[in-house]
Amino acid sequence: MSGNSSQRLGQISAHLNPNDKGNASVFQDVPQAPPDVIFSLTAGYKNDTHPQKINVGVGAFRTDELKPYVLPVVKKADAILFNDSTLDHEYLPIAGTPSYTQAAVKLILGENSPAIQQKRVAAVQTISGTGANHTGAAFLAQYYPVSKKCYISKPTWANHRNIFSSVGFEVEEYPYWNPETRALNYDAMLKTMADAPNGSVFILHACAHNPTGVDPTQEQWKGIAEVMRAKGHFPFFDCAYQGFASGDLDRDAWAVRYFVDQGFELFVAQSFAKNFGLYGERAGNLTIVAKSPADVGRVFSQIEKLQRSEISNPPAYGSRIVDIVLNDPALYAEWKENLKYMSNRIISMRKQLYDRLVELGTPGTWNHITDQIGMFSFTGLKAPQVKVLKEKYHIYLTDNGRISMAGLSTTNIDYFARAVDDVVRNVRV
């Protein structure tokens, strides 16, 4: 074939296939997403062969032997499932198993909640807390006409921004952590709430704020509710640590219940990953509180429709475990004891770390470690110090200085404290 003929065929091909640019992929302009910070940390830790390596990055409970913890009550519920000859693998209802969602609602709102008594509550089983956040956000993006502004705390769980921005919200931040006092930036938080457009959506951590471990006091929650009521803001609580934070299920639900008592319409995203140790089973719940039974019925119908289009039906195994425990008085009582074990171990690690830093005379004040609550502690360490901890001491944590207290134990607390003492004294920031 002559050169002219070949060129002519190429022209004809290009004319017939205008999108064919030398067999280039239609996905060639897709940008490469950065790796997930937490999972990258875990991968680095696993590949590290240093005998004293420590992983304080991942938010999963560990025993003092640094082993995953399967709750004894979960093992009992698992045995009940295994021996249930009537168990099948049929689809669950679109909104999940009613006995599960109703028990989850009672857990967060309290059995005697006025909202439950007035039948203005509904719930949908979700893919853990992440799914509850997403399902609630997707509904609000379609049916909440008041505002497209969503406010998240600074800092917050990284997924909050991703979830709400992905469904079309304009995501802003409200002050939360004060690096100078290493405590809640309460006044600045209230000012931002007062200045925000009326009816904005505010994501609130019900307890054990992630990543700081700093929670408002009950009096401060009352002040937050007062400003939010005056501005007509919509509270969207994220509750991933009920019972795990303080060891007391009712105490950890106090803020949510107060807002309900004050007459707010609100959503609560619930996760049973931490407080049941069901990390991989993705058992969650979205609790919806509205003004009337008719209102909540309409909302529920649309969320059910939305869920059908996204996941069709929720997964069964994890929710069955939770369902059995929450609806059996003896197992429920045992679960509360399991929760106390987990929360007490975290509290103990906080005290031991504080004591060792004080004994070492580590520069600065460290009472914030014991003042904070829940799995995480915002240490106040800076990125250059974190870098040395990783490279010199093989300690894996996020660059913002957040540590998971569950990664510490009686076997590594001394090594960790000496490493922190070193970087605080010798690394310029």
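This is a predicted model: local features need pLDDT of at least 70, side-chain atom pairs count only at pLDDT 80 or more; totals for chains, interfaces and linings use all residues.
Gly-284 of β10 is the bridge partner of Thr-126.

**A strand with two partners.** Strand β2 pairs with β10 in the antiparallel sense. Strand β9 also pairs with β10 in the antiparallel sense. The table sets out the two pairings.

| Partner of β10 | Residues | Sense | Bridges |
|---|---|---|---|
| β2 | 121–127 | antiparallel | seven |
| β9 | 266–271 | antiparallel | six |

**Buried or exposed?** What about the two faces of β10? In a regular strand, side chains alternate between the two faces of the sheet. One side of β10 holds Ala-283, Asn-285, Thr-287 and Val-289, and these are buried. Seven of the seven residues of β10 (residues 283–289) are buried, so the strand is largely enclosed by the rest of the structure.

**A helix with one buried side.** Now turn to helix α17, residues 383–393. Its buried residues are Gln-385, Val-386, Leu-389 and Tyr-393. They span an arc of only 105° around the axis, which means they lie on the same side of α17.

What do the buried residues of α17 pack against? They pack against β12 (395–396) and α18 (413–426). Just after α17 comes His-394, with a positive phi of about 60°.

Key:
Residues are numbered from 1 along each chain as its sequence is written. Side-chain values use heavy atoms; hydrogens and water are left out. Buried means under 20% relative accessible area, exposed over 50%, partly exposed in between (1.4 Å probe, protein chains only). Helices (H or I, at least four residues) and strands (E, at least two) are DSSP runs, numbered from the N terminus. Two strands pair if DSSP finds at least two bridges between them. The arc is that of the directions from the helix axis to the C-beta atoms. Contact means heavy atoms within 4.5 Å.
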